[in-house]
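Biologist: Could you go through the charged and aromatic side-chain contacts with me?

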Amino acid sequence: MRQHLIDPEICIRCNTCEETCPVDAISHDSRNYVVDAAKCKLCYNCISPCPTGAIDSWRNMPADKAYPLAEQLLWDTLPGQIALDAPAEVGAGDTAPELPDDVERIAAASTAGQGGTAPPPWSAAHPYANLYGIHNPAVATVSGNFKLTAEDASSDIRHIVLDFGNASFPVLEGQTIGILAPGLDAHGKPHHVRLYSVASPRDGERPRYNNLSLTVKRVTEDHEGKAAQGIASNYLCDLKKGDKVNVVGPYGTSFLMPNHPGSNLLMICTGTGSAPMRAMTERRRRKFAAGENAGKLMLFFGARSPGELPYFGPLTKLPKEFIDINFGFSRVPGEPKRYVQDLLRERGGDVARLLRDDNTYVYLCGLKGMEKGVEDAFTEACRANGLDWSALRPQLLQQGRYHVETY
Ligand code: NAP
């Protein structure tokens with residue numbers, strides 16, 4: 001048999017493969033992502049979305065001797081190809097034979113449902129990806145660490161600027177980078193890479209400087225609300241100007257912005273999911289300031305309160321003719337909870353007008369839980385305005401016009 005595996009040395013544990021797999025063959029523990037040979041149908045849906053290529057690992061095995069999950073969970077490196085008595089049908093090696101072409105892979109993934117990866121917009125700039133790995137990280141210097149949230153806010157969100165000096169680290173809006181926090185985990189192993197979206201435009205946080213910014217929330221509790229210190233987020237939030245940081249990536253070849261004149265951006269985000277929206281908005285703001293009017297921008301931004309909203313001040317100062325901003329706050333005393341999906345419903349007519357335009361590109365980033373609410377709001381807004389979201393959605397995905405990044 002041809003056994004599908006994941007290379008633990010390269011994997012950055014971003015969960016994309018587990019989310020994409022249509023038969024739940026991929027799972028993980030605190031160390032490794034693994035593939036259940038009994039469930040994997042070799043559909044390849046997980047291959048193209050993987051940012052590092054760790055997923056593209058294969059071994060020819062006797063059918064009754066496939067590596068079990070318990071063994072894969074203990075690996076630090078992939079085992080070599082074992083000698084087989086009879087040659088397997090497909091040649092031995094690390095990577096799967098190429099599918100007829102990559103477009104088919106993307107098309108298969110796009111139509112797979114929620115977990116699919118859309119191709120990039122046709123006019124997106126070509127991204128660089130995987131320039132630096134965990135064995136050869138780029139070293140960046142912290143050139144700024146600014147608190148974005150109010151002093152009395154319940155969360156500490158920071159705008160961190162990293163300078164790459166003479167190292168080549170080109171990024172586009174919508175891409176992510178990986179941070180290697182120093183030190184060892186409870187098993188005595190280096191910490192896993194943690195991914196953050198780039199919050200600055202391609203020409204730098206400061207134009208024409210070789211730097212970029214991140215939006216980082218200090219994690220002090222887990223999903224159940226129990227006290228837990230996030231390794232990378234606390235490391236990043238505590239950095240001082242001049243500190244050195246090991247960075248891998250960049251990653252991401254799909255969640256990218258269009259570049260053609262007249263292309264509209266419909267952006268929906270919660271909390272620090274605002275990072276890529278800030279990058280795209282700032283890219284367009286610089287063009288707008290230079291007299292180029294590239295298309296419409298509409299932003300739906302959900303946060304607990306104004307004090308917890310990253311970039312609140314600067315956003316409110318942007319001219320109305322440049323961007324249509326809609327804030328939704330969920331924890332303002334005495335006011336009802338408002339989520340981004342509520343705002344989308346309220347602005348249903350304008351949202352549908354944008355969706356009807358072939359030049360509109362939709363971006364969704366933030367909490368996983370918002371996905372369903374936003375999809376439902378799109379369904380309603382479309383229905384009320386003579387559109388069919390269930391027909392439009394796959395079309396948008398196929399055309400690289402619907403991009404979702406939620407955790
Ligand atoms: P948060 O402050 O906990 O929440 C932001 C807002 O979203 C709050 O108003 C919250 O309301 C609301 N919300 C909660 N559940 C919702 C739902 N089902 N539908 C719509 N809105 C909902 O957010 P956060 O802690 O910043 O989390 C942001 C997420 O973005 C994280 O999952 C992070 O991993 C991800 N992200 C971060 C980056 C980055 O570069 N830092 C990049 C991409 C994605 P309540 O008051 O009800 O909680």
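Biologist: Is K372 buried or exposed?

Modeller: K372 is exposed, as its relative accessible area is 57%. Buried means under 20% relative accessible area, exposed over 50%, and partly exposed in between, with a 1.4 Å probe and protein chains only. This is a predicted model, in which local features need pLDDT of at least 70 and side-chain atom pairs count only at pLDDT 80 or more, while totals for chains, interfaces and linings use all residues. Residues are numbered from 1 along each chain as its sequence is written, and side-chain values use heavy atoms, with hydrogens and water left out.

Biologist: Which side chain does K372 meet in a salt bridge?

Modeller: K372 meets D376, at 2.7 Å from N to O. A salt bridge is a side-chain nitrogen of Lys or Arg within 4 Å of a carboxyl oxygen of Asp or Glu. D376 is partly exposed, with a relative accessible area of 30%.

Biologist: Where do the two lie?

Modeller: Both D376 and K372 lie in helix α9 (residues 370–384), four residues apart, which is about one turn of the helix. Helices (H or I, at least four residues) and strands (E, at least two) are DSSP runs, numbered from the N terminus.

Biologist: Why does D156 count as buried?

Modeller: D156 counts as buried because its relative accessibility is 13%. R218 counts as buried at 19%.

Biologist: Now the rings, please. How many aromatic pairs does the structure hold?

Modeller: There are 13 aromatic pairs. One of them is Y67 with W75, which is edge-to-face, at 4.9 Å centre to centre and 80° between the planes. Rings of Phe, Tyr and Trp (its six-membered ring) pair if their centres lie within 6.5 Å; planes under 30 degrees apart count as stacked, over 60 as edge-to-face and the rest as tilted.

Biologist: Are Y67 and W75 buried or exposed?

Modeller: Y67 and W75 are both buried.
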